[in-house]
Amino acid sequence: MILLKPIGTAFSALGRLLGRMWRWFIYSILNGRRRLARRKWADYVVFELDGELAERTPAQPWYYSLLPFGSPPQTIESLTVALHAVAADPDVRGLLFLVRSPQISLAQAQSLAGLFHRFRAWDGAENRTENRMENAQQRSRIKEIVVHLESGGNASYLMAAAADRIFM
């Protein structure tokens, strides 16, 4: 009788785990079918700015990427790499920055505003066309930058002023 209770709880935990795995599998199939039906990915890439924002990515050993705890801190350098990749993707319509409560200085805000301007230059270079008829289509394909501010400080608004649209 004493052994039956732990065995029963172990089997119930195993059943819950198998149920979760089965739901994850079904949801993955349904999401894949939905994406194939749409034949494209999400229109906007979402970046969340919350907490400290460092200038450069700290040096970490190679095996840190294999460990399950934490992710590297968000930096202006990592945002630059990500925005350069997004500029090259023709399926993306724009960027959405969710600015929750960042701890950024005015210099970092100016760096982010400059990064937005460089993103537009990268996007223009990637989507450049030679034909005049395609120029009208090119203007409609320019990626826009949208910033959503939860609270507005001087630095946050300075960064958001470089965006195409601001929501507060």
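**Aromatic pairs, sheet and salt bridges**

Modeller: The count comes to 3 aromatic pairs, where rings of Phe, Tyr and Trp (its six-membered ring) pair if their centres lie within 6.5 Å, and planes under 30 degrees apart are stacked, over 60 edge-to-face and the rest tilted. One of them joins Trp22 and Phe25, tilted, with 5.8 Å centre to centre and 35° between the planes.

Colleague: Before we go on, what kind of model is this, and what pLDDT do local features need?
Modeller: It is a predicted model, in which local features need pLDDT of at least 70 and side-chain atom pairs count only at pLDDT 80 or more, whereas totals for chains, interfaces and linings use all residues. Residues are numbered from 1 along each chain as its sequence is written, and side-chain values use heavy atoms, with hydrogens and water left out.

Colleague: Where do Trp22 and Phe25 lie?
Modeller: Both are in helix α1 (residues 4-38), 3 residues apart, about one turn of the helix. Helices (H or I, at least four residues) and strands (E, at least two) are DSSP runs, numbered from the N terminus.

Colleague: Is Trp22 buried or exposed?
Modeller: Trp22 is exposed, with a relative accessible area of 54%, and Phe25 is partly exposed at 40%. Buried means under 20% relative accessible area, exposed over 50%, and partly exposed in between (1.4 Å probe, protein chains only).

Colleague: Which aromatic pair does Phe97 form?
Modeller: Phe97 pairs with Phe116, again tilted, at 5.0 Å centre to centre and 50° between the planes. This pair links distant parts of the chain: Phe97 is in strand β2 (residues 94-103) and Phe116 in helix α3 (residues 106-126), 19 residues apart. Phe97 is buried, with a relative accessible area of 1%, and Phe116 is buried at 0%.

Colleague: And which residues form the aromatic cluster?
Modeller: Phe47, Phe97 and Phe116 form one aromatic cluster.

Colleague: Turning to the sheet, what is the strand order?
Modeller: The order is β1-β2-β3-β4, 4 strands in an open sheet with parallel pairing. The edges are β1 (44-52) and β4 (165-167), each with a single partner strand, so one side of each has no neighbour in the sheet. On average, neighbouring strands are turned by 20° against each other, direction ignored. Two strands pair if DSSP finds at least two bridges between them.

Colleague: How many bridges join β2 to β3?
Modeller: There are 6 bridges between β2 and strand β3 (residues 144-149), and the two run parallel. Within this pairing, Gly94 stands opposite Glu144 in β3.

Colleague: What does α3 touch on the sheet?
Modeller: Helix α3 packs on the sheet and touches β1, β2 and β3, its direction making about 150° with that of β3. Helix α2 (residues 76-88) lies across β1 and β2, running at about 175° to β1. Contact means heavy atoms within 4.5 Å; axes are lines fitted to C-alpha atoms, for helices over the stretch in contact, and angles run from 0 to 180 degrees between N-to-C directions.

Colleague: What about Asp123: buried or exposed?
Modeller: Asp123, which lies in helix α3, is buried, with a relative accessible area of 3%. Leaving aside neighbours within four places in sequence, Asp123 is in contact with Ala87, Arg141, Ile142 and Lys143.

Colleague: How many salt bridges does a search of the whole structure find?
Modeller: The search finds 7, a salt bridge being a side-chain nitrogen of Lys or Arg within 4 Å of a carboxyl oxygen of Asp or Glu. Among them, Arg93 and Asp43 have their closest N and O atoms 3.8 Å apart. Arg93 is in the loop between α2 and β2 and Asp43 in the loop between α1 and β1, 50 residues apart.

Colleague: Which side chain does Arg120 meet in a salt bridge?
Modeller: Arg120 meets Asp164, at 3.0 Å from N to O. Arg120 lies in helix α3 and Asp164 in the loop between α5 (154-160) and β4, so the pair ties together parts 44 residues apart in sequence. Arg120 is partly exposed at 25% relative accessibility, and Asp164 is partly exposed at 40%.
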